[in-house]
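Grab a pencil and open the viewer.

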Amino acid sequence: VNPRPGLVVCGWALLNAVLVGVLVLFRGDAVETGLYSAGIAIVTGFGLAVLLAAARHRDGQQMRQPVRSSSMSMLAAAALLVGLGAVFHWWIAAIAVYPLAAVLALHTGEQLPRAADPVPATTSTAEAPIARLAGTMPYTGSPLGNSVPLPDDHPARAAPRHVPHHSARGWRRVFVLLVVLRAVLGRRRK
Amino acid sequence: VTALDQPPARPVPVNPARSFPAGWLDTTDHKRIALLTLGTALTLLVAMGGLALTMRTQLAQPEMHILGADTYDEFFTIHGSGMIYLVMTPFAIGLGLYLVPLQIGAVNVAAPRVTMLGFWLYLAGAASMLSGFLTSGGAGDQGWYSYPPLASSRHSPGPGVDLWILGVTLVAVGMLLMAGTVLWTALLKRAPGVTMLRLPVLSWSVVVTNLMVIGAFPSLLVAMAILAVGRINPAIFDNNMWNIGYQHVFWFFGHPVVYVMFFPFVGAVVEVLSTFARRRYFGYKPTVLALLVFAALSMSVWGHHMFTTGQSSNDYFSLTSILLLVPAGVEYFGFLATVIGGRLVFPTPMLFALAFVPQFLVGGLTGIMISMPAVDYQVTDSYFIVAHWHYTLAAGSLFGFLAGFYFWFPKATGLMLREDLGKAHFWLWLVGTNVTFLPMFYLGLHGMPRRIPTYLPTDGFTAANLTATVGSAVLGLGTVVFLTNLLVSFCARRPAPPDPWQGHTLEWATSSPPPPTNFTPEYPIPKVRSFAPLLDLRELREQHRGAPIGPATDADGSGP
């Protein structure tokens with residue numbers, strides 16, 4: 001049985017609803033039950049959104065991705081300025097207009113152009129066209145370090161390497177000895 | 001219109017590997033966003049540790065005044081708030097952000113720009129909260145849960161508390177966005193063959209964590225809104241309904257967040273234990289069920305923080321809190337059954353994971369003790385609570401995080417950490433943690449209240465406080481060793497292979513560090529038949545020893 005993701009979320013919300021029911025039995029007050037129910041309502045809403053997305057086949061790999069996110073730093077800056085305006089003086093909030101304008105200017109340019117084929121990306125080597133393209137898109141690694149190809153003995157390719165064998169048999173013997181000792185002592189006491 | 005009628009697709013690289021700063025600061029790669037989050041949280045961990053060391057130095061002897069009373073209040077407020085909102089929660093959510101798309105074979109996180117907005121809001125929130133130290137009135141000094149009426153502008157004037165509220169609000173929104181996108185990814189963006197019951201335990205732990213975030217974090221926003229209104233009009237807190245109402249709303253977030261800061265590290269410990277025990281994790285389905293039940297119960301226990309107010313349904317909250325033992329017991333059974341009989345090896349991640357098990361048990365069991373109102377009435381607001389809390393979050397969650405950190409560091413950076421320095425870090429932290437926090441149980445039981453800047457020689461608290469301070473110094477030394485390890489590993493690089501530990505899950509099938517789109521034809525997704533796909537392949541090869549098996553590259557779940 002493989003549960004559907006939306007049902008996992010809604011099932012979890014239902015489990016919480018049962019706990020709210022128990023709270024009612026324990027005569028929880030209106031604040032407690034209301035608060036808990038509100039939390040469950042949010043989770044249920046999320047679960048329904050997941051169910052809806054799955055029903056509309058919005059699940060599966062998302063190959064088309066935005067290529068930059070500069071507008072988001074501007075949006076966060078605007079949020080911070082509005083907040084600082086509330087703390088200190090409202091004129092600070094007015095400055096948020098500039099980063100918000102930048103958000104509008106940057107936002108659309110960050111999306112992947114239509115009819116673009118995102119590479120290198122695959123869910124399976126069965127996708128031959130992408131496999132061909134991979135040769136033209138060598139990956140050099142991130143600045144943190146260089147990527148190392150999978151070795152021949154990796155399980156995705158070939159037989160496993162030798163596994164060092166540090167047996168836990170000694171511990172098991174100690175455990176069995178303790179159990180036997182306890183049983184003997186227990187019988188003696190009787 | 002058929003596919004043949006459409007114009008040919010133009011190849012466009014997704015998340016090309018650009019260098020710092022542009023390649024990182026406007027990235028849409030979930031790995032980079034996660035590393036930015038984790039790196040920021042790690043930096044803040046060191047800063048928050050510095051605050052803690054200063055406070056412990058003050059408490060080493062009676063009547064010491066390194067910090068004034070007000071500054072001490074600011075230090076414990078920012079230490080507590082920082083560790084919860086700025087360090088442990090981002091660690092938990094950042095870990096999920098990095099690993100979940102890799103473990104489920106996804107190209108990226110869903111809505112990566114929204115995820116990046118979450119990071120920027122987190123950074124802005126952290127800056128806002130800490131900037132209180134630069135104001136004339138100092139930083140927020142009302143404690144991490146900021147109870148009114150103390151937090152109102154009448155009793156805590158100055159912008160420090162305002163900046164604290166702003167910071168918490170921004171961070172909460174940021175974490176909500178990150179958690180929402182990671183949850184959406186785990187639920188809907190899995191590769192073919194990766195069904196819900198083939199998700200690794202870590203991914204499941206992130207799923208339940210993020211469910212709690214979705215359900216509970218909006219409550220924190222409401223709590224901050226109440227405080228903000230109270231800052232404008234403190235008269236609302238003359239009515240006790242708002243004070244108690246705030247406590248309910250706050251703790252409806254405040255208790256689940258403890259589990260938000262715990263579950264992903266349970267998942268990390270599961271992966272580490274099973275990898276270094278060289279066997280499949282024992283009790284996968286019961287553990288998944290236990291995680292879901294654990295998370296649901298954790299939403300229903302918030303009132304145990306309010307036993308002494310007399311304004312919560314004590315029987316119910318005590319019952320649900322004690323019931324937490326059942327799913328926790330299932331998880332612990334899984335840990336032990338995986339390790340016993342395994343072919344154990346003990347690299348640094350395994351040491352941290354093994355230490356997590358008993359240390360978190362101390363935190364958990366003392367939590368059950370104080371979930372009984374009769375006990376809670378005696379020890380509330382004492383150092384017993386501080387000890388319980390630190391065994392849960394420092395000795396427990398932080399050790400779990402470090403197990404994951406040492407485990408996945410080679411994957412994330414392509415570099416191996418130094419084992420000798422890692423082990424030195426582990427032993428120093430093991431000793432330091434217990435020497436610091438164990439005496440606090442004694443202090444609490446002997447009546448030392450939490451949050452006092454000093455005490456009298458006649459109180460009888462000196463020896464235990466001195467011991468705790470010595471322990472904190474050992475922790476500080478361990479942190480220096482940890483930072484040295486990072487520095488040495490970055491300066492004198494030892495490249496990491498793709499799978500240095502013989503891991504079980506999909507992230508070990510790609511390069512170290514993974515390519516921008518995680519899996520490419522060069523680094524394909526192996527066939528996924530269970531929650532431990534690489535272990536499946538190893539076992540398959542053991543069964544067919546001598547008979548070569550071709551690369552397992554089909555991810556549609558069909559047989560070889």
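**Exercise 1. Find out which residues form the nonpolar surface patch and which helix supplies the largest share of it.**

Solution. Keep in mind that you're looking at a predicted model.
- Step 1: Pick out the members. The patch is formed by B:Ile322, B:Leu325, B:Leu361, B:Leu365, B:Met369 and B:Met372.
- Step 2: Look up the area. Together these residues have about 450 Å² of accessible area.
- Step 3: Look for the main contributor. Helix H13 of chain B, residues 348-370, gives the largest share, with three residues.
- Step 4: Zoom in on one member. B:Leu325 is in helix H12 of chain B, which covers residues 325-339. Its relative accessible area is 35%. Buried means under 20% and exposed means over 50%, so B:Leu325 counts as partly exposed.

**Exercise 2. Stay with helix H13 and classify the ring pair of B:Phe352 and B:Phe426.**

Solution. 
- Step 1: Recall what you need. A pair of aromatic rings is described by how far apart the centres are and by the angle of the planes.
- Step 2: Now take the pair in the task. The ring centres of B:Phe352 and B:Phe426 are 5.2 Å apart, and the planes stand at 85°. Angles over 60 degrees count as edge-to-face, so that's the label for B:Phe352 and B:Phe426.
- Step 3: B:Phe352 sits in helix H13 and B:Phe426 in helix H16 (residues 419-445), so the pair ties together parts of chain B that are 74 residues apart in sequence.
- Step 4: Check the burial. B:Phe352 has 0% relative accessibility, so it counts as buried. B:Phe426 has 4%, and it counts as buried too.

**Exercise 3. Describe the surroundings of B:Thr115.**

Solution. 
- Step 1: Locate B:Thr115. You'll find it in helix H4 of chain B.
- Step 2: Is B:Thr115 buried or exposed? Its relative accessible area is 0%, so B:Thr115 is buried.
- Step 3: List the neighbours. Leaving out residues up to four places away in sequence, B:Thr115 touches B:Ile33, B:Leu97, B:Val109, B:Ala110, B:Met178 and B:Thr181.
- Step 4: Look for a polar partner. The side chains of B:Thr115 and B:Thr181 are joined by a polar contact of 3.0 Å.

**Exercise 4. Track down two cis peptide bonds in chain B.**

Solution. 
- Step 1: Go back to the loop of B:Ser146. There, B:Pro149 lies between helix H4 (112-130) and helix H5 (159-188). A cis peptide bond links B:Pro148 to B:Pro149, with omega about 5°.
- Step 2: Move on to the loop between H17 and H18, where B:Pro513 is found. The bond from B:Ser512 to B:Pro513 is cis, and omega is near -10°.
- Step 3: Who else meets B:Ser512? B:Pro497 touches B:Met416 and B:Ser512, if you skip residues up to four places away in sequence. B:Pro497 and B:Ser512 are 15 residues apart along the chain, and their C-alpha atoms are separated by 6.3 Å.
- Step 4: Finish with B:Pro497. At a relative accessible area of 30%, B:Pro497 is partly exposed.

Key: Residues numbered from 1 in each chain as written. Chains lettered and ligands numbered in written order. Predicted model: local features only at pLDDT ≥ 70, side-chain atom pairs only at ≥ 80, totals over all residues. Heavy atoms only, no water. Buried < 20%, exposed > 50% of the residue type's maximum accessible area, 1.4 Å probe, protein only. Contact = heavy atoms within 4.5 Å. Helix = DSSP H or I, 4+ residues; strand = E, 2+ residues; numbered from the N terminus. Patch = residues over 30% accessible without salt bridge, like charges linked within 9 Å, V, L, I, M, F, W, Y side chains within 5 Å. Areas by Shrake-Rupley, 256 points an atom, 1.4 Å probe, with all protein chains shown as cover. Salt bridge = Lys/Arg side-chain N within 4 Å of Asp/Glu carboxyl O. Polar contact = N/O pair within 3.5 Å; in protein donor to acceptor, adjacent residues only side chain to side chain. Phe/Tyr/Trp six-rings, centres within 6.5 Å; stacked < 30°, edge-to-face > 60°.
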